[in-house]
Amino acid sequence: MKIAALPFNPIQENTYVVWDDTKECVIIDAGNSNPREHAALDNFILEHGLKPVMAINTHGHFDHTLGVEHLRRHYNIPFALSAKDQFLLDNAATSASIFGVPVGDMPATIDIDLDTQSEVKFGNTTLQVIATPGHTPGHVAFFEPASKVLFTGDTLFRESIGRTDLPGGDYSWIMRSILDKLIPLGDEVTVYSGHGPETTIGHETLYNPFIVEVLNNEVNYRG
């Protein structure tokens, strides 16, 4: 499995193109937000001879969905997202305006509800879908066990976690997601986040202050 991270839009969201030897690919969290960024993503796909089969999203925040409609129209592929995050699509323009980010055509509907899917397949690759609510109600992570690769969206960052002060956010739930579902995947797992550099589960258990304070029993995240 091969991975390319393309930071897009003013919030510098990581859009991931993921493919295997079959050249089929999925685009995770398409944040390309204008003609120049659309062209950059299209050119990358063309230059590598890839065939997009699906746009899949960890969650529905506008900075992660700005490029979805372009992909749906340009490649005639479906859009997969948890239906629990539909309300974020409905309010994307308003949310983006708060951050001063202009939006073009945005997806109004979800083609594949990830609440009903345990995995996403493309080529010879299968990504497990792991529910990780907290940053948003419908947030998910994508895990490929053979290569020990985990796409965490805005749940887990290098030495940080996602915001829980936005609509639908919940600190207790995001920590349950991290401690109960992501950490047990193993120290050697490489983490690709929605923003910032990659990391590993092992690094986060040692240096992520939000995780360390829980492991040291300084904070009761279940409270």
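Predicted model: local features only at pLDDT ≥ 70, side-chain atom pairs only at ≥ 80, totals over all residues.
1. Start with strand 3, residues 24–28. The strand is mostly covered. Of its 5 residues, 4 are buried, and buried here means under 20% relative accessible area.

2. Look next at strand 2, residues 13–19. Strand 2 pairs with strand 3 in the antiparallel sense. The pairing has 4 bridges.

3. Now follow the turn. Strand 2 and strand 3 form a hairpin, with 4 residues between the strands. Check Lys23 in this hairpin: its phi is positive, near 80°.

4. Strand 3 also pairs with strand 4, residues 51–56. These two strands run parallel, and 5 bridges join them. Cys25 stands opposite Pro52 in strand 4. Between strand 3 and strand 4 the chain passes through helix 1, residues 35–47. This β-α-β crossover is right-handed.

5. Turn to the largest pocket. Its volume is about 380 Å³. The lining has 19 residues, and those closest to the pocket centre are His61, Phe62, Asp63, Phe99 and Leu166.

6. Which elements give two or more residues to the lining of the largest pocket? They are helix 2 (62–65), helix 4 (86–90) and helix 5 (92–98). Helix 5 gives the largest share, 3 residues.

7. The largest pocket is lined by 10 nonpolar, 6 polar and 3 charged residues.

Key. Residues numbered from 1 in each chain as written. Heavy atoms only, no water. Buried < 20%, exposed > 50% of the residue type's maximum accessible area, 1.4 Å probe, protein only. Pairing = 2+ DSSP bridges. Right-handed = clockwise from strand over helix to strand, strands pointing away. 1 Å grid on protein atoms, 1.4 Å probe; cavity = no way out; pocket = protein on both sides within 12 Å on 5 of 7 lines; lining within 4 Å. Points joined across faces, edges and corners; volume = space filled by probe spheres on them. Nonpolar A, V, L, I, M, F, W, Y, C, P; charged D, E, K, R; others polar.
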